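Please look through the structure shown here, moving from the start of the chain onward.

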Amino acid sequence: MDFDAVFQSQLDTLKAEGNYRIFAEMERSAGCYPRAVNHGPGGARDVTVWCSNDYLGMGQHPDVVNAMIDATRANGTGAGGTRNISGTNRHHIALEHELADLHGKDAALLFTSGYVSNWAALGTLGARLPNAVILSDALNHASMIEGIRHSRAPKAIWKHNDPEDLNRKLAALPPETTKIVAFESVYSMDGDIAPIAEICDVAEAHGAMTYIDEVHAVGMYGPRGGGVAEELGVMDRITLIEGTLGKAFGCFGGYITGSAALCDFIRSFASGFIFTTALPPSVAAAAQTSIAHLKVSGDERRRQREQVAKLRARLDFYGIPHLDNPSHIIPVMIGDAVKTRLICDILMRDFGIYVQPINYPTVPRGTERLRLTPGPFHTDSDIEHLCRALNSLWQQCALARQVA
């Protein structure tokens, strides 16, 4: 068999559908965010980034950068292996204490990414809890789906953000079932937010464990950045809170928090923790510094929300369609994969604006979009430049306007 021919055939199909992913070569520059340098065919050029998950720009905060530099000088560049082989660095322990405190839990456990923390935790819970059934929101992230699949536990899919359907699914299970309700707080593509308190009401009525993914919410919501569950005052009702260090905290890695017994259980049985190299101590030190800062500083969150509101208002002014939601994520709807890719290319080439297309399979076909994430360092002039560029492209591509 000509394997390369098979590979290329499927790649060609992906390209013809407009769903082939092209990675822009970007160079971030500390202190200049959201400015970056794009290295393209025509050489290097300055662009403004509109799609980063470094939501608050903490990846360039001087204290965070210095914490990483200082820890690297003191500890070297890597962890040296798994925590079982090389030992747990003091920066790992300090960060886990910081995270447990952030979420009001007894303990926390670090992973190499948010994807791995979901995959490992859900996979372990589903596999090792007796008679486990995982009840998963219909729009849960791929990492949660993979964790559930890896567990080989039976699953039930409940309608997105629908506590009544969850209640029906739970009621249909045998009494001896160990029930695990898995959902997210902020859903990253539509930007909608789960009715967490209502989901907890239903789960508690059926004696179910609650597992929430707060990766797009930690740092962003709540008086200390503990996420939507903190903002709503329901963190104590969630069995396991999962999060990431790679978005609003501006670093890298994932984690879970919960009771001491739960975290020790995952630590002791999750292959995704046991057999992988630990986070570099320098990353842990930087993340701890970022979290500690956002626990006491609301300035970044306040400014970010101001810019979200301004961008929404200007999109409305120009009639650019975007999904209405209560979060910081602004999906600008296009509905065509080829046009979405084309618009992103023109924005980069003609306007110095970087935003990646969101196409299938990340979102269903026909719902292709731009996913805008305004931050505290986007200026009012940045917002106006973006909206005027989109207005021009909406005219060129004959796209539908949003009627006020």
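Predicted model: local features only at pLDDT ≥ 70, side-chain atom pairs only at ≥ 80, totals over all residues.

Helix H4 has 13 residues, 90-102, and at 1.5 Å a residue it should span 18 Å, which agrees with the 18 Å between its end C-alpha atoms. At its N-terminal end the helix is capped by Asn-89, a side-chain oxygen of which lies 2.8 Å from the backbone nitrogen of His-91. His-91 is itself among the buried residues of H4, which also include His-92, Leu-95, Glu-96, Glu-98, Leu-99, Ala-100 and Leu-102. The cover over these buried residues includes helices H2, H3 and H12 as well as strands S4 and S10. After H4 comes Gly-104, with a positive phi near 65°.

Most residues other than glycine have a negative phi, and most peptide bonds are trans. Against that background, Arg-152 has a positive phi near 65° and lies in the loop between helix H6 and strand S6, where it counts as exposed because its relative accessibility is 78%. Asn-161 also has a positive phi, of about 55°, but it counts as buried because its relative accessibility is 18%. A cis peptide bond joins Tyr-33 to Pro-34, and another cis bond joins Tyr-360 to Pro-361, with omega about 10°.

How values were computed
Residues numbered from 1 in each chain as written. Heavy atoms only, no water. Helix = DSSP H or I, 4+ residues; strand = E, 2+ residues; numbered from the N terminus. Expected span 1.5 Å × (residues − 1). Buried < 20%, exposed > 50% of the residue type's maximum accessible area, 1.4 Å probe, protein only. Contact = heavy atoms within 4.5 Å. Polar contact = N/O pair within 3.5 Å; in protein donor to acceptor, adjacent residues only side chain to side chain.
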